[in-house]
Amino acid sequence: MARKIKLFDATKCTGCRACQLACKQWNNLPAKQTENRGSYQNPEKLSPTTWALIRFDEVDSGVNGVKWLFRHEACMHCTDAACVKVCSTGALYKTEYGTVALDSGKCNGCKECVSACPFGIPQYDPSTQKVYKCDMCLSRLDNGLEPACVKACPTGALRFGDEDEIMSAARERVAELDGGGYLYGDKFVGGTGMLYILQEKPTLYSHLPTAPSVPTSVIVWKDWLKPLSLIAPGGVLAAAFLHYLIKGPKVVEESSLDKKGDA
Amino acid sequence: MRITRRSFLKVSGAAVVAAGIGVNLDPVKAHAATLKTRFAKETTTICPYCGVGCGIIVSTRNGKVVNTEGDPDHPINRGALCPKGGSLIQITRNKNRLDTPLYRAPYAKEWKPVSWDWALDKIAHNVKKSRDKSFMLKNSKGQTVNRIETIASVGSSALDNEECFIYQKFLRSLGLVYIEHQARI
Amino acid sequence: MTNHWNDLANSDCILIMGSNAASNHPISFKYVTMARERGGKLISVDPRFTQTSSKADIYAPLRSGTDIAFLGGMIKYILDHNLIHTSYVQNYTNATYLVNPAFRMPGENNGLFSGLTGNKYDKATWSFQTEADGTARKDLSMKDPNCVYQLLKKHYARYTLETVSRITGTPKDKLEEVYRTYAETGKPGKAGTIMYAMGYTQHTVGTQNIRAMSIIQLLLGNIGVAGGGVNALRGEANVQGSTDHALLFHILPGYLKMPTASQETLAAYNTAFTPTTKEPDSLNWWKNYPKYTASLLRAYYGMGCTLDEAYGYLPKIDGGVNYSWLTIFDKMYKGKIEGFFAWGQNAACSGASSNKTRNALGNLEWMVNVNLFDNETGSFWRAPGTDPSKIKTEVFLLPCASSIEKEGSITNSSRLMQWRYKAVDPPGEAKPDGEIISELYCRIRKLYEKEGGPFAEAITRLSWNYGMPDGNGCIRKLDVHRIAREINGYFLEDRTIDNVTYKKGTLVPSFALLQDDGSTSSGNWLYCNSYTEKGNMAARRNNHDRSGIGLHSDWAWSWPVNRRILYNGASVDPKTGRPWDTKRPVIVWDGSNWVGDVPDGVAPPGNGRKPFIMKPNGLASIFGPGLADGPFPEHYEPFESPLQKNIISPQMINPAIKRWDREGTGTAVDSRATADNNFPIVCTTFRLTEHWQTGLMTRWQPWLAEMQPEVFIEISPELAKIKGIQNGEMVTVKSIRGSLDAVAIVTRRFRPFSIDGKIVHEVGIPWNFGWATTKLRQYAQGDKKPDLFTTGDSANLLTPFIGDANTMIPESKAFMVNITKKGA
């Protein structure tokens with residue numbers, strides 16, 4: 001089956017948050033008490049109960065101008081998925097659609113994926129001791145439906161389909177925007193399964209890495225050690241020990257990825 | 001002819017198993033996940049919020065709503081929904097919905113649950129008492145007016161057309177002239 | 001909307017002004033986006049840079065309450081550069097009509113039109129010159145100095161870029177850019193549209209805001225065409241239907257007029273409201289008025305009484321007296337109202353000047369509130385700071401069914417009537433509103449049957465055949481299809497019309513067949529054709545679009561007679577019948593018939609019939625003498641303004657508004673602060689995507705409360721600096737009527753305005769919040785308590801108690817406040 005990817009076209013996004021809500025609705029994710037911190041953005045960040053989030057950024061432009069930027073933040077479904085590489089239990093896995101899914105039953109709460117992900121996507125919940133993230137609505141894909149967020153999007157800012165088709169549509173759109181759109185996601189981590197067309201340069205978007213990469217330690221882990229861990233009985237423990245030796249102890253906070261201030 | 005947009009992707013029968021390089025990059029084909037709407041009864045409705053009039057499909061099982069989602073056949077929203085429309089399930093599956101008539105007596109500090117019969121009889125008596133006391137057959141110029149100025153009503157664009165029609169018919173039969181609703185504010 | 005949602009995609013230029021459609025009608029942006037993808041332009045004019053502005057090709061800020069100045073400048077630009085659609089203007093509008101030479105305009109009359117006494121205009125001079133045969137005197141060349149076109153030119157000559165910019169605060173280059181871009185649509189074959197909402201209506205000049213834009217649309221030939229029109233984006237799912245069905249004091253269903261005391265007989269009533277015309281080519285559709293009246297009276301009272309008797313049962317209002325929302329709450333505040341139904345409404349948060357509204361509720365003897373959730377109106381007696389032991393009002397809070405727990409139809413913004421089905425039972429003992437209404441009616445009728453009372457027959461003789469009565473004669477389970485059929489209407493006798501026989505008891509296929517002799521019924525003539533012998537038209541689900549321009553004519557049903565674009569007769573050349581836009585034709589003459597949309601009153605091409613058939617002369621009114629405050633829109637400052645004087649004339653505010661703030665007419669709560677240093681900041685209100693109106697339904701929903709948990713105020717960085725306020729801090733906002741605490745969002749999306757050389761700041765507050773779902777209020781045992789709290793109260797605590805001169809819609813979009821850091 002051809003790989004399926006999602007395209008987020010910021011030039012068409014109005015920040016209505018239909019996607020954010022549709023994700024909660026389809027996945028039965030509960031709401032948590034929030035407060036207004038001087039922004040429309042709420043919840044403040046992704047969490048075990050928020051797998052898709054519209055981020056709001058305001059950027060000065062000219063004497064009297066302002067740009068209001070919206071970004072759909074959710075799992076990027078990387079080709080070279082660091083989370084899958086470090087997952088010692090096989091809870092995180094690549095599906096036949098090329099998306100990264102998560103089998104909660106298998107998650108042992110080791111949090112390796114949390115530190116490995118260059119985008120800060122997987123979210124650890126101490127109460128269940130498991131990690132959660134967007135799985136591109138796997139049950140919907142299996143039944144011939146598009147992800148809930150894509151279906152809900154009023155303007156077509158979110159699209160979903162075969163990689164070739166979406167990729168060429170994205171390139172066409174960027175050409176059409178003639179300097180008014182920036183393709184993001186095609187040049188790193190082997191290409192992301194969610195592609196962005198940004199309205200401004202990536203640096204103007206908060207919490208968006210400009211050059212994301214799979215950490216070297218993860219490459220070592222994945223290519224050399226993890227295959228062993230999955231093959232040999234007891235390998236998980238052994239591998240975890242080796243991983244400890246390579247990376248040292250690391251405490252992952254639930255929300256450790258505030259690299260930039262939010263608007 | 002009807003166009004249906006319900007099936008977005010063609011479900012492929014057999015997954016192509018790619019020869020992966022590393023163990024963890026092989027795609028995994030688990031058995032197809034079951035949709036939460038499987039075997040649910042579908043009912044179409046129109047969103048109760050703004051004036052766009054988007055179509056929504058309500059999926060119910062055993063008398064409970066299990067999902068609400070944009071109607072892909074609807075020519076206006078074509079399956080999309082804003083966050084309000086997308087939350088429709090929380091209107092009906094909400095433990096905080098009012099579920100019994102409540103009564104607050106003059107000067108009382110709290111609500112008291114009451115029966116419909118009691119509440120509606122009491123309201124009917126109140127209406128009659130107020131109406132009979134102040135009904136105006138003539139205005140100050142002596143012209144026939146047959147109206148009651150001491151009872152007023154506001155509402156509602158949240159009612160269905162059929163309800164709006166019988167509501168104004170009912171109010172006008174009582175002689176109300178203070179009949180207003182959201183369109184005025 | 002004259003047009004419809006899908007049609008926005010056909011537009012070459014979309015002006016969104018007085019609306020933030022991206023936030024409040026998100027799905028509309030499906031079609032706005034499509035229009036842009038096809039090369040159409042999007043213009044956003046708003047005091048705030050909104051989610052709509054974020055996607056606009058041009059954003060132009062303006063100070064709240066200055067729309068007429070902005071649009072007046074556009075009218076001048078169009079006329080100065082001769083960008084009008086000449087043939088359209090000459091043939092389809094009253095631009096050619098000659099006006100009474102005694103008519104005077106604000107530029108020559110101290111800011112007033114001729115005829116003002118007190119706050120009322122004598123409109124004697126707002127009239128047209130007539131020929132001997134009674135038709136209007138015209139100048140097709142539009143050169144006569146008294147013709148509407150020349151008067152329009154003269155009136156708006158005062159609205160120079162310079163003057164407009166001084167009033168609105170919009171930079172001159174932005175004004176010109178907007179004018180130039182929008183005026184492009186005056187070319188035949190081009191279409192521009194306006195999307196507006198409460199940002200136009202909630203002003204003391206609200207109706208004239210819309211008039212100003214309508215004049216532009218007429219000058220550019222944009223009404224009746226695909227991608228054009230005048231589009232009010234209605235904010236509630238059935239506010240169109242509830243208006244059509246006349247839950248308003250001044251109308252009966254189908255926009256028939258409410259009878260007044262001087263109209264003692266049905267004949268007198270019909271004469272008063274049935275227009276006549278001498279113009280030869282005008283259809284004058286309202287000539288059918290008596291047919292609709294008779295059919296409505298039959299729907300009210302059936303065949304058991306004469307039409308005259310039925311007319312007699314209707315209450316009569318006093319002519320010239322306003323019984324609208326603000327009047328109700330003023331009377332209530334003064335203790336003149338005893339009983340009150342707040343049915344599916346949350347007046348304590350939605351009405352202007354909430355302190356007055358909330359206090360007014362305490363003067364009632366009894367109140368019935370029907371709602372889905374506990375709310376600030378039903379529970380007003382236990383609001384924070386209120387002592388219940390001092391409030392006498394007896395309150396009934398009745399639980400009703402939500403939209404998916406009952407069956408019936410609603411009518412969307414584009415007049416599209418759509419059927420909804422019941423999916424589940426309502427919770428607990430909650431009932432559909434219709435059943436509550438029916439049970440209440442039955443109980444009251446029984447009381448009057450048993451005990452009698454004044455004018456009891458009006459109640460006891462009402463026809464009410466909506467289901468099977470129970471043992472007590474009460475209809476508890478409503479058959480909504482019976483109501484829908486009654487609204488459509490029946491033949492009450494066998495009738496043969498144009499060689500077709502309609503049997504007694506069959507549904508009338510279209511309002512053209514309604515009769516004035518009592519032989520037909522129709523609860524709302526506009527809906528006649530909605531439920532016919534062919535079935536329930538609102539339930540149709542064929543989404544195929546045979547028009548090619550997105551009409552989707554076989555999906556559900558729209559009034560009138562399934563027409564999707566109103567005034568579509570104006571989309572074609574009057575002589576040839578050829579569509580102005582051949583790529584996007586709305587109707588096309590195929591040699592023997594019009595095909596496409598249901599044609600709007602047009603006769604075969606070249607026949608000369610005028611397309612605006614609801615006007616007696618068949619023409620759209622560029623000169624509109626029907627309004628209370630002038631035949632042309634004129635800029636007046638909002639009731640509360642930052643300015644000492646009106647820049648364009650000596651008249652400060654709309655002279656025709658009803659004042660509540662003066663000695664003898666108002667009360668202390670109706671105070672006004674204008675050009676007052678204590679309240680130097682302009683404030684406007686708005687809504688959020690995540691909450692609906694007062695938030696009554698949405699604040700109780702965890703997902704929505706999570707996304708927008710708290711009332712906030714948007715403040716420019718410049719103002720925040722002056723006031724020492726940081727982003728995210730609490731601010732106290734005060735108007736002369738009330739105060740509100742809100743979180744500061746310090747944002748460059750608000751910019752200080754330069755008004756006549758002076759810096760004027762503006763702030764904005766969403767009005768979706770209320771105390772009932774907050775954490776800090778008292779919750780008694782058994783009270784419903786939200787899973788997630790929201791914080792803050794209604795922005796209407798601040799708004800003024802003043803309404804538009806024509807509609808009395810309150811001025812919630814422009815008023816004066818001050819802000820301080822909370823506790824400072």
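A polar contact is a pair of N or O atoms within 3.5 Å; within protein, one must be able to donate a hydrogen and the other to accept it, and residues adjacent in sequence count only if both atoms are side-chain atoms.

I note that this is a predicted model, in which local features need pLDDT of at least 70 and side-chain atom pairs count only at pLDDT 80 or more, whereas totals for chains, interfaces and linings use all residues. Residues are numbered from 1 along each chain as written, chains are lettered from A in the order written, and side-chain values use heavy atoms, without hydrogens and water.

**Entry 1: chains B and C**

I counted 98 residue pairs in polar contact between chain B and chain C, both at pLDDT 80 or more. Helix α3 (residues 116-134) of chain B gives the largest share of the side that touches chain C, 18 residues; helices here are DSSP runs of H or I, at least four residues, numbered from the N terminus.

I then looked up contact (heavy atoms within 4.5 Å): 120 residues of chain B and 170 residues of chain C take part.

I also found 14 salt bridges between the two chains, each a side-chain nitrogen of Lys or Arg within 4 Å of a carboxyl oxygen of Asp or Glu. In one of them, Arg443(C) pairs with Asp117(B), with the closest N and O atoms 2.7 Å apart.

**Entry 2: helix α9 of chain C**

I checked α9(C), residues 206-219: its 14 residues should span 20 Å at 1.5 Å a residue, and its end C-alpha atoms are 20 Å apart, which agrees. The expected span is 1.5 Å times one less than the number of residues.

I recorded Gly221(C) after α9(C), with a positive phi near 65°.

Key
Helix = DSSP H or I, 4+ residues; strand = E, 2+ residues; numbered from the N terminus.
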